[in-house]
Amino acid sequence: MLPKQLGHGVVVVLLTVAAQFTEAVASEQHKVSPGRVQAADYFFADAISSDYGWGRSLRGWEATSLAVQATLAEWQSPLQLKPALTVRDPSPVGLKQFLAQLPRADIGKTQVIYLAAQHTQRGDWQFTGNVNADITWNDLLQSTPPLPPFRVVILDICHAAVVATLPVWTEKMAAATTLLASGSDEYTWELDFSNRQPVDLPAQFPAATAWLKRHLPVTWDGRLSYLGLIWVQAFLQTSHPPQTTDDWQAFFRRCILESLRFQEEASRQRASTVSQFPAVP
Amino acid sequence: MRNENSNKKMIMSLCILSAGALLGAAALASGTPPPTSVPDSPGYTPYNPASASLIETRAANQRLIDKRLKKVQHADSDSWFQTPSAFGEYWFNATRDKRQDGFGSSLNSGVIGMNFQTKGDVGIGLQLNYGSNGGNANIAGSTFNNDSNNVGLTLSAMKSFGWFFMGLSGGYDYNNSWLTTPVGARLTTRVDGYNLAPFIGAMYAKGNFSASVAPTLVMRWQAFENNTPPNDRSSDRTFVLMNQAAYNVTQKLAVAMTANWTRVIDNYPTRQPQLYASNNWFTIGPKINYNFTEKFYAYAAYTIDLGSQTYDNQQVTAGAAFNF
């Protein structure tokens, strides 16, 4: 038992040291070469159910969508990116239309899709407004053609890993590379960079904080989803814009490592298990 | 821009609510003659700020407000049982009745409880307290001792609508006291007490700062049973304007300031009207909160009652809580 624990500790320390080193290097590279090594082209679309009312809005998730867009804009040339398709607080019909409108053909760009909402452990998307309904992924994806392999999906929801157990997800989405924000029995939390508690994020993640302040609107209130921070942390250590499926899988592995690092160094309680689907050994 | 507007609305609403609460309280203060007598049974002094049921009701409501203020958003509102916490607390209250023949007493109390958030932005809390009171008075050169034990159970719920909230606490407490005269005679009194405390309020949190204001009405009913009849009943209503502001100094340390205003609205005394109550006082004091780990924290607080005509009252509280 002791050697195993010792080994685990050594791995964590090495990971930490390596991550801090690469963060510092990447931060410097970022300053020197904002255009990155090789430009890529991205198609970005997002669908977010946010306005749940009574102070329960997912403002942090909206900020995460902006942060993801900003990272893609930094990776591509020219340095601007507008969402090709965006929908806020969709109805079930609106979300189905959004999914159906995503390009099926290869448009020569990596398609990055960001999805966020309140989501149940059963695997239901909770809609806002007067819909008052939880719709299963089976209902949402049934009439949707399978996604092509040049698609990257960011599923920033609670109990995200539940989708991997759903036959309809395997059937329709398995070709895409998906980043899952949480385990099947986990919440994914909102982080607040303006509040020292429960985690003093600016003190623990100074590079990410500085980057977010530079790239998010001045009206940003400091809220960001957990996956948003993980994404930016991984971005700051990535100099090569991901284009191929292998690139994205490598980037998502870095996200997973960043999530582990967050759990070790910052907070276990506010962390969730980030994973990718299909799982990559 | 939307955030700025909502902040302005929130601040304005807080001001309006506070002003309304103060005006309402002032109207009550001027329109209601102060009670001339109270059911101030030795060992069970409902108008004494040290009364356990009033302290515990106030604390139960404030706990739910604090929990909501500290709530961290997550992307699932479908769970019935979210962010549970358990806590244990000890408080010591020293009170001195400034009136002639009044009792001075020391109350030690232990509290355990838990709370959680559930669907619909609702907080639920449950707490159990046990207290032991020792008091004495020097009356006409002779010492009377008065000791008591009390047990109380409080259930509270609070629904939040963004910055606005409303809630209700309800409790039962049982008090057993015995008065010993200088010649050794003993008068035993048992009191069954019930209370309801509806409250509304507003809370504000931005960055490291948070604040809340919560006008609360505490209604209590007591049934007295003596070893020497007659037995009797009484009831009272008290208004409490609970105010608290807190600031997170570091990731570990937070400080808070409490400033409550309490006003006895009315009472229906039916026994022992020999003592006069102070019916208007402020309770103020600092609180410090330290997070030992991200799940475990401890706190300490001190409060003093000001403005009371009849009681000198101070309280020290220490507690710890665990967030599961």
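The largest nonpolar core of this predicted model has 73 residues, and those with the most contacts inside it are A:Leu155, A:Ile230, A:Trp231 and A:Val232. A nonpolar core is here a set of buried Ala, Val, Leu, Ile, Met, Phe, Trp, Tyr and Cys residues joined through C-beta atoms within 7 Å, where a residue is buried if 20 or more other C-beta atoms lie within 10 Å of its own, exposed if 12 or fewer, and partly exposed in between, with C-beta atoms placed from the backbone. Helix H8 of chain A, residues 226-236, gives the most to this core, with nine residues; helices (H or I, at least four residues) and strands (E, at least two) are DSSP runs, numbered from the N terminus. Leaving aside residues up to four places away in sequence, A:Ile230 touches A:Cys255, A:Glu258, A:Ser259, A:Phe262 and A:Val274, a contact being a pair of residues whose C-beta atoms, placed from the backbone, lie within 7 Å. A second, separate core of 22 residues includes B:Ala52, B:Leu107, B:Val240 and B:Trp261.

Some conventions apply throughout: residues are numbered from 1 along each chain as its sequence is written, while chains are lettered from A and ligands numbered from 1 in the order in which they are written. Since the model is predicted, local features need pLDDT of at least 70 and side-chain atom pairs count only at pLDDT 80 or more, whereas totals for chains, interfaces and linings use all residues.

Chain A contains nine helices and 10 strands, and of its 281 residues, 45% count as buried. Among its contacts with a separation of 6 or more, 78% come from residues 24 or more positions apart. Helix H7 of chain A, residues 206-215, has A:Ala208, A:Trp211 and A:Leu212 as its buried residues. Seen down the axis of H7(A), these buried residues fall within an arc of 100°, so they line one face of the helix; the arc is that of the directions from the helix axis to the C-beta atoms. They pack against H2, strand S9 (223-225) and H8 of chain A, while the face of H7(A) turned away from the buried side carries the exposed residues A:Pro206 and A:Arg214.

Strand S6 (residues 151-157) and S7 of chain A run parallel and are joined by four bridges, two strands being paired if DSSP finds at least two bridges between them. Within this pairing, A:Ile154 stands opposite A:Leu179 in S7(A). From strand S7 (residues 177-180) of chain A, A:Thr177 and A:Leu179 point one way and A:Thr178 and A:Leu180 the other way, and all are buried. In a regular strand the side chains alternate between the two faces of the sheet.

Chain B has two helices and 12 strands, and of its 324 residues, 41% count as buried. The 12 strands close into a barrel in the order S1-S2-S3-S4-S5-S6-S7-S8-S9-S10-S11-S12, with antiparallel pairing. Neighbouring strands of this sheet are turned by 15° against each other on average, direction ignored; axes are lines fitted to C-alpha atoms, for helices over the stretch in contact, and angles run from 0 to 180 degrees between N-to-C directions. Helix H2 (residues 52-69) of chain B packs on the sheet, touching strands including S1 (82-97), S4 (142-161) and S9 (253-268), and its direction makes about 30° with that of S4(B).

Towards the end of the listed strand order, S9(B) and strand S10 (residues 280-291) of chain B pair in the antiparallel sense over 11 bridges, with B:Trp261 opposite B:Phe282 in S10(B). A hairpin then joins S10(B) to S11(B) through four residues; these two strands run antiparallel and are joined by eight bridges, and B:Thr283 stands opposite B:Asp305 in S11(B). Strands S11 (residues 296-306) and S12 (residues 311-323) of chain B pair in the antiparallel sense over nine bridges, and the bridge partner of B:Ala300 in S12(B) is B:Ala318.

Finally, the two chains meet: 31 residues of chain A are in contact with 22 residues of chain B. On the side of chain A that touches chain B, helix H2 (59-75) and strand S3 (110-119) each supply at least two residues, and the largest share, three residues, comes from S3(A).
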